[in-house]
Amino acid sequence: MDFDTAFNRLLGFEGGYSNDAADPGGKTRFGVTEAEARRNGYEGDMQDLPQDLARKIYKANYWDACKCESLPETVRYDVFDAAVNSGTGQAAKWLQAAVGAKPDGVIGKDTIAAVAASEPAVVRARMNGARLGFMTSLPTWSAFGKGWARRIASILTG
């Protein structure tokens with residue numbers, strides 16, 4: 001999966017504007033929080049955040065930061081989506097735990113090699129299982145858990 005395909009798939013979960021009081025991310029558009037938008041130079045109203053800027057933020061801060069292009073195609077979206085939803089460091093740790101790599105939260109050459117040497121279906125199952133287990137422990141699970149579970153199920157089945 002390439003970045004454009006991953007981004008378009010992500011928008012199915014992260015599209016539109018939201019300002020849910022239960023969401024610690026606050027105002028978001030296309031899943032980009034206001035804080036993330038501001039760190040990336042956006043000064044306008046979050047309801048008007050351009051999709052092109054969201055694409056640039058996701059490419060640089062999640063896809064590239066997790067070296068998704070260097071990962072086997074079968075796990076790229078799993079890592080990207082986990083990074084968007086829970087942060088790049090946490091996504092890296094789930095991936096590293098799934099392949100027995102040092103859990104330092106940074107995807108580097110050793111992690112990439114360990115993923116390449118592992119069975120993709122096993123990596124995906126372990127990583128997404130750890131992710132789901134983590135999410136069920138969050139205080140926001142009651143508000144967002146059903147959507148998160150559907151999101152992970154979609155990753156595993158699609």
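Arg131 touches Asp78, Asp81, Ala82, Asn85, Trp94, Arg151, Ile152 and Ile155, leaving out residues up to four places away in sequence; contact means heavy atoms within 4.5 Å. The model is a predicted one, in which local features need pLDDT of at least 70 and side-chain atom pairs count only at pLDDT 80 or more, while totals for chains, interfaces and linings use all residues. Residues are numbered from 1 along each chain as its sequence is written, and side-chain values use heavy atoms, with hydrogens and water left out.

Arg131 is part of helix α7 (residues 120-136). Helices (H or I, at least four residues) and strands (E, at least two) are DSSP runs, numbered from the N terminus. With a relative accessible area of 1%, Arg131 is buried; the term buried applies under 20% relative accessible area, exposed over 50%, and partly exposed in between (1.4 Å probe, protein chains only).

Ala149, in helix α8 (residues 141-157), has a relative accessible area of 30% and is therefore partly exposed. Leaving aside neighbours within four places in sequence, Ala149 is in contact with Leu132 and Trp141. The C-alpha atoms of Ala149 and Met135 lie 8.8 Å apart in space, with the two residues 14 apart in sequence.

Helix α4 (residues 73-86) and helix α5 (residues 88-99) have axes that come within 7 Å and cross at roughly 140 degrees. This angle makes α4 oblique to α5, since angles under 35 degrees count as roughly parallel, over 145 as roughly antiparallel, 65 to 115 as roughly perpendicular and the rest as oblique. Axes are lines fitted to C-alpha atoms, for helices over the stretch in contact, and angles run from 0 to 180 degrees between N-to-C directions. On the α4 side, Val79, Ala82, Ala83 and Ser86 meet Thr88, Gln90, Ala91, Trp94 and Leu95 of α5. By class, six residues in the contact of α4 with α5 are nonpolar, three are polar and none is charged (nonpolar: Ala, Val, Leu, Ile, Met, Phe, Trp, Tyr, Cys and Pro; charged: Asp, Glu, Lys and Arg; polar: the others, Gly among them).

An open sheet is formed by three strands in the order β1-β2-β3, with antiparallel pairing; two strands pair if DSSP finds at least two bridges between them. The edge strands, β1 (17-18) and β3 (32-33), each pair on one side only. Between β1 and strand β2 (residues 28-29), the antiparallel pairing runs over two bridges. Tyr17 stands opposite Arg29 in β2.
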